Amino acid sequence: MDPMTVLIEQEYPRSAAQRDLASRHLQGVSSLYAVRADLRGVYAFADVVEEAVRWSA
């Protein structure tokens, strides 16, 4: 399996608890950036996650 393959949610369905945990992590990144703007640019993936949360709201 190619390590760069994107997993489709239909292949690996998540339980309600897993979806809730993922949602809390995403919200946590967003709220952390709201408090600590100096963290932007430190970890690129966190920047992408935070942008995705803002655009999905």
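Predicted model: local features only at pLDDT ≥ 70, side-chain atom pairs only at ≥ 80, totals over all residues.
The secondary structure of the chain amounts to 2 helices and 0 strands. Of its 57 residues, 7% count as buried. The chain exposes about 5,000 Å², of which carbon and sulfur atoms supply 63%.

Helix 2 comprises 13 residues, spanning positions 44-56. The distance from its first C-alpha to its last is 19 Å, close to the 18 Å expected at 1.5 Å a residue. Within this helix, Ala-46, Val-49 and Glu-50 are buried. Viewed down the axis of helix 2, the buried residues fall within an arc of 95 degrees and therefore line one face of the helix. These buried residues pack against helix 1, which covers residues 16-35. The face of helix 2 turned away from the buried side carries the exposed residues Ala-44, Phe-45, Val-48, Trp-55 and Ser-56.

Two of these exposed residues, Phe-45 and Val-48, also contribute to a nonpolar surface patch. Together with Val-42 and Tyr-43, they make up a patch of about 470 Å². Phe-45, located in helix 2, has a relative accessible area of 54% and is thus classed as exposed.

Glu-50 is likewise part of helix 2, but its relative accessibility is 3%, and it counts as buried. When neighbours within four places in sequence are left aside, Glu-50 is in contact with Val-29, Ser-30, Tyr-33 and Arg-40. With Arg-40, the contact includes a salt bridge between the side chains, at an N to O distance of 3.0 Å. Arg-40 lies in the loop between helix 1 and helix 2 whereas Glu-50 lies in helix 2, so the pair ties together parts that are 10 residues apart in sequence.

Side chains of opposite charge can pair when their charged atoms come close. In the present model, the count comes to 3 salt bridges. One of them joins the side chains of Arg-24 and Asp-20 at 3.9 Å, N to O. Both residues belong to helix 1 and are 4 residues apart, about one turn of the helix. Arg-24 is partly exposed at 49% relative accessibility, and Asp-20 is partly exposed at 41%. A salt bridge also links the side chains of Asp-38 and Arg-36, with an N to O distance of 3.0 Å. In this pair, Asp-38 is exposed, with a relative accessible area of 52%, whereas Arg-36 is partly exposed at 38%.

Methods
Residues numbered from 1 in each chain as written. Heavy atoms only, no water. Expected span 1.5 Å × (residues − 1). Buried < 20%, exposed > 50% of the residue type's maximum accessible area, 1.4 Å probe, protein only. Arc of directions from axis to C-beta. Contact = heavy atoms within 4.5 Å. Patch = residues over 30% accessible without salt bridge, like charges linked within 9 Å, V, L, I, M, F, W, Y side chains within 5 Å. Areas by Shrake-Rupley, 256 points an atom, 1.4 Å probe, with all protein chains shown as cover. Salt bridge = Lys/Arg side-chain N within 4 Å of Asp/Glu carboxyl O.
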